[in-house]
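Have the model open as you read.

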Amino acid sequence: MEEYTSSADRYKHMKYNRCGKSGLLLPAVSLGLWHNFGFVDSFSTCRDIILQAFDSGITHFDLANNYGPPPGSAETNFGKILSGDLAPYRDELIISTKAGYLMWPGPYGEWGSRKYLLASLDQSLRRMGIDYVDIFYSHRPDPDTPLEETLGALDHAVRRGKALYAGISNYDPELTRRAYHILKDLGTPCLIHQPKYSLLVREVEKGLLDVLEEEGVGCIPFSPLAQGLLTSKYLKGIPKDSRADKPHGFLNRSDITSGLIKKLNKLNDLAAKRNQSLAQMSLSYLLHDRRITSVLIGASSVIQLHDSLECLKNTEFSDSELVQINRILRIK
Ligand SMILES: NC(=O)c1ccc[n+]([C@@H]2O[C@H](COP(=O)([O-])OP(=O)(O)OC[C@H]3O[C@@H](n4cnc5c(N)ncnc54)[C@H](OP(=O)(O)O)[C@@H]3O)[C@@H](O)[C@H]2O)c1
């Protein structure tokens, strides 16, 4: 493998946004390692994507205990790159991980107990070979554990220096407000929320973004391309080797209906009028809202990464374009 030195121009083209009311700036585009970075994937492609991302100003890499497959392998692969190519750059990186979904058998291997969260964070640190993560998330709310216990575990991780900031993911607006106040009372601010948000999934526009703005919490939408649906990939159906074509993962062939394909083609035509690819327009749409700190993309190739990054060149929308988008998606 060729030796790596990061590009001297790496901070030239990226935009950095303040995360809520915190002191932390995040790149407008961040890279997530949910799919394409596990042991089932090519390590050399993983490495290329991550290093190209860093060379393009992406300082934020998002992981979770269960990313792979197999679970944990994305953190192990990322740790390998961190201890090698990226070793000189740890202070230029914002690394996040999460705990919430099933990781090991028995009653302590998922959800939101203090026992699970803190054990999981220790495992994540070991897999990545680092002393601390920058952001530690509660990956999903646990209906059976007091919120105070889950958030108390995040606070503890921050106080012990194992995480610099605390975040929440998949919390609804009301729980988000409660979580914000509990963390505030504990003395560890809620830095960021990670919700599912894309042109196709617009729930967060109905309250969550308002709460985040009022409380000064950052927002980093996950699956901003709806797992690849909002790209040129599925315009003619399901291509080979796409996420929907793979046996593992969460995008099902049955999600891709002829009605959806029609809408995607119309969105693609609109994107072309803006001189953008569908992926670029979809990311720009999220970034045109100033409450969005960063869009958390996935990529299975360096070509996709570079295509998506071009979204930064035009994040403005006319009223008429916004109306057209909603009309295509039949959103009032
Ligand atoms: N907090 C949570 O509960 C949660 C849940 C899900 C994800 N996440 C985070 O969000 C990150 C992103 O999620 P995601 O991977 O679903 O994001 P996404 O950006 O919506 O989808 C990424 C997929 O879209 C396709 N793609 C990306 N750029 C493309 C381009 N320019 N042209 C054509 N196709 C393109 C690729 O699909 P192919 O693989 O088919 O090529 C790629 O794997 C995850 O890695 C993770 O960090 C968090």
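P69 sits in the loop that runs between β4 (60–62) and α2 (73–83); helices here are DSSP runs of H or I with at least four residues, strands are E runs of at least two, and both are numbered from the N terminus. Keep in mind that this is a predicted model, where local features need pLDDT of at least 70, side-chain atom pairs count only at pLDDT 80 or more, and totals for chains, interfaces and linings use all residues. Residues are numbered from 1 along each chain as its sequence is written.

**Cis peptide bonds**
- G68 and P69 are joined by a cis peptide bond, with omega about -5°.
- The bond from P69 to P70 is cis too, its omega near -5°.
- P70 belongs to the loop between β4 and α2.

**Around P69**
- P69 counts as partly exposed because 15 other C-beta atoms lie within 10 Å (20 or more would be buried, 12 or fewer exposed, in between partly exposed, with C-beta atoms placed from the backbone).
- Leaving out residues up to four places away in sequence, P69 touches G38, V40 and H248; contact means C-beta atoms, placed from the backbone, within 7 Å.
- K115 is 46 residues from P69 in sequence and 24 Å away in space, C-alpha to C-alpha.

**Positive phi without glycine**
- N36, not a glycine, has a positive phi of about 80°, and you'll find N36 in the loop between β3 (29–32) and α1 (43–55).
- N36 is buried, since it has 22 C-beta neighbours inside 10 Å.
- Q227 isn't a glycine either, yet its phi is positive at about 65°; Q227 lies in the loop between β9 (218–219) and α7 (258–273).
- Q227 is buried because 25 other C-beta atoms lie within 10 Å.

Note on methods. Two residues are in contact if their C-beta atoms, placed from the backbone, lie within 7 Å.
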